[in-house]
Amino acid sequence: MKSKKRSLFISLCVLPTFICYMIFGFYPCVRSIIMAFYRWSGISGQAEFIGFNNFVTLINDAKVWGALGNNLFLLAVVPLMTMTLALLFAFSITKMKFKEKGFYRVVFFFPNVLSLVVISILFMFIYHPSLGILNSFLEFVGLENLTRVWLGDANTVLWSLAITMVWQAVGYYMVLYMASMEGVPTYLYEAAIIDGASQWQQFRNITFPLIWEVVRVTIIFNILGVFNGSFAYVNIMTKGGPDDASNILSVYMYKQAFANGNFGYAMCVGILVLVISLLLAYIANRLTKKEVVQY
Amino acid sequence: MKKKEETRWSMSKLLIRIILVINTIVVIFPLIWTILTSFKTSTEFYENPWKLPGSLNLINYINAIEKANMGDYFFNSIFVTVLGLLICITMSIGSAYVLTRYEFKFRSLFKQIYLIGLFLPPILGIVPLFMILQQMNLYDTRIGLSMVYAFTAFPYTIFILSGFFGSIPKEFEEAAIVDGCSYYGILWRIMVPMAKPAIITITIFNFMGFWNEYGYSLTYIASESKRTLPIGLINLMEVQRYSTDWGALFAGLVIVMLPTIIVYALLQKRITSGLTIGGLKG
């Protein structure tokens, strides 16, 4: 009797939630993999099994490889800049014991709560060639020759997108690092200071190894965040332009599905997105695996 | 010798402070600029971007709310966000609790699927889900969109709540069982009140997520009258591009930002400390 009640309780708690997640979250992802083997255009059209044909098209599609390259650029640049700045800010704020420490924490974190749509539109205007504050700032300080059409120039568009992503994310990681740095026992620093260690040496030999576990996890978080979040930025700010210079896989997939009606092919690009994100999680996890230092 | 070191120390302190102040400006200035620009008339807009607006006229806000329907979008966003939060939180609590505390068949399978779910790129399922919503007659409905928000947020929500339930000592439940409390009683009267900090934290995070969401509402809402704020804002941008009257767009930006600014101002301690509760200890 008791076990019947128990299993009823368990089922009631777990099953509805799980079924809803399967239908709305998990199954669509699996279905997208299956769809990659079909030619299927539009809602009314008939899906036709075509085996690996979509994959052949994919391999010969230069736009896919261009987009992949742009994805990789963002994945290399954004986490590196974000992590470096976040660590620098977190370390100096915790070490220097500034009175306004709380202020920095509140302000730097703030972009993280803004909508990506708001940030994208805002930065479109910051980068705007004639109305934007970036170009007019450069003119103001006498660097006229640096002004350009930031989002319309194939040489600067990816960097401009990357900076926007870094702007949004730094505070989040800084707050996380500050929290874990505060957990590092102060006697370690005291001992290091007696031994004459510089700030940089203290960071390298004490702080960094001790918070390594957090850094490791956040690198994975950030890489996946950049990979998933770049869709909104690119789709709003550049739509992949100019001339595919900022095209990325998710935007290309979305275009293939909802603008060109090539649902099957879009799903094939989607598989590439999936493979990369799983690969990234795996690589990040492996590369950063290291003995955790206990204290 | 000592003195020299002290001056070096305070010099580097000053340098770091300057860097931090510059970053403060880099973060705050665009936001102040947005707010100021939202009060500018269109002639003022095309002048120097650093110039202050001549007066604090609200014409752009009136245009955004009346002509560009930002008022309706605001209502839609509230509807979708609140309903999504209610569904997500009520359905996740029991699941997270049972998955952390009870042994049963398929438990590890369920846990594994949620774990994989954490790493699946949301964009991947966007097309099939589009078809599923159409088959269920939920495409282009606000209820459908809130269901998408709620259900796709399960892995993350359950992950955070499980971590918290796992940290509550088992003695509380054991005592309750001795007192003859039912399973439901233990969950709702003991565990939920104890997990309140985690529930509030995850509610705040999901609020931010749902309120600011872009991809799903772009794809699953077709009617103009059902758009959420972020998509309404994109639409406003497209419209203003042709009329080249950007004031209303900046007013729209402020309207979208305002609730998050308020929530953040009131709850920033909870938000930043909540990161460390849930985010990484699990």
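The structure holds 0 disulfides over all chains, a disulfide being a pair of cysteine sulfur atoms within 2.5 Å. A:Cys20 is in no disulfide, and the nearest cysteine sulfur, that of B:Cys88, is 11 Å away. That distance is too far for a bond. A disulfide is a covalent bond between the sulfur atoms of two cysteines.

The model is predicted: local features need pLDDT of at least 70, side-chain atom pairs count only at pLDDT 80 or more, and totals for chains, interfaces and linings use all residues. Residues are numbered from 1 along each chain as its sequence is written, chains are lettered from A and ligands numbered from 1 in the order in which they are written, and side-chain values use heavy atoms, with hydrogens and water left out.

A:Cys20 counts as buried at 18% relative accessibility, and B:Cys88 is buried with a relative accessible area of 0%. Buried means under 20% relative accessible area, exposed over 50%, and partly exposed in between (1.4 Å probe, protein chains only).

**Chain A**

Chain A has 12 helices and 2 strands. Helices (H or I, at least four residues) and strands (E, at least two) are DSSP runs, numbered from the N terminus. The order of elements in chain A, from the N terminus on, is α-β-β-α-α-α-α-α-α-α-α-α-α-α. The C-alpha trace of chain A spans about 75 × 75 × 30 Å along its principal axes. Of the 295 residues in chain A, 56% are buried. Among contacts in chain A with a separation of 6 or more, 69% are between residues 24 or more positions apart, where contact means heavy atoms within 4.5 Å.

A:Ser246 is one buried residue, with a relative accessible area of 0%. A:Ser246 is placed in the loop between helix 10 (212-237) and helix 11 (249-259) of chain A. Leaving aside residues up to four places away in sequence, the residues that A:Ser246 touches include A:Asn70, A:Val157, A:Leu158 and A:Gly240.

**Between the chains**

In chain A, 89 residues are in contact with 90 residues of chain B. The two chains bury about 8,300 Å² between them, 82% of it on carbon and sulfur atoms. Buried area is the accessible area (1.4 Å probe) that two parts lose on being put together, summed over both. A:Phe9, A:Tyr21 and A:Phe24 supply 10% of the area that chain A buries against chain B, more than any other three residues.

A:Phe24 also takes part in one of the 48 aromatic pairs that the structure holds over all chains. Rings of Phe, Tyr and Trp (its six-membered ring) pair if their centres lie within 6.5 Å; planes under 30 degrees apart count as stacked, over 60 as edge-to-face and the rest as tilted. A:Phe24 and B:Phe151 form an edge-to-face pair, at 4.9 Å centre to centre and 80° between the planes. This pair runs from helix 1 (residues 2-35) of chain A to helix 7 (residues 142-152) of chain B. A:Phe24 counts as buried at 3% relative accessibility, and B:Phe151 at 5%. Helix 7 of chain B is largely enclosed by the rest of the structure, because 8 of its 11 residues are buried. Ring pairs also join residues of both chains into a cluster, including A:Trp40, A:Phe231, B:Phe130 and B:Tyr214.

**Salt bridges**

Side chains of opposite charge can pair when their charged atoms come close. A salt bridge is a side-chain nitrogen of Lys or Arg within 4 Å of a carboxyl oxygen of Asp or Glu. The structure holds 10 salt bridges over all chains, and the count between chain A and chain B is 1. Four of these pairs are listed here.

| A:Glu100 | B:Arg17 | 2.7 Å |

A:Glu182 in helix 7 (residues 157-182) and A:Lys101 in helix 4 (residues 101-109) of chain A are 81 residues apart, so the pair links distant parts of the chain. A:Glu182 is partly exposed, with a relative accessible area of 40%, and A:Lys101 counts as partly exposed at 24%. A:Lys101, A:Arg105 and A:Glu182 are linked in a network of salt bridges.

A:Arg216 and A:Glu213 are separated by about one helical turn, because they are 3 residues apart in helix 10 of chain A. A:Arg216 is buried at 12% relative accessible area, whereas A:Glu213 is partly exposed at 29%.
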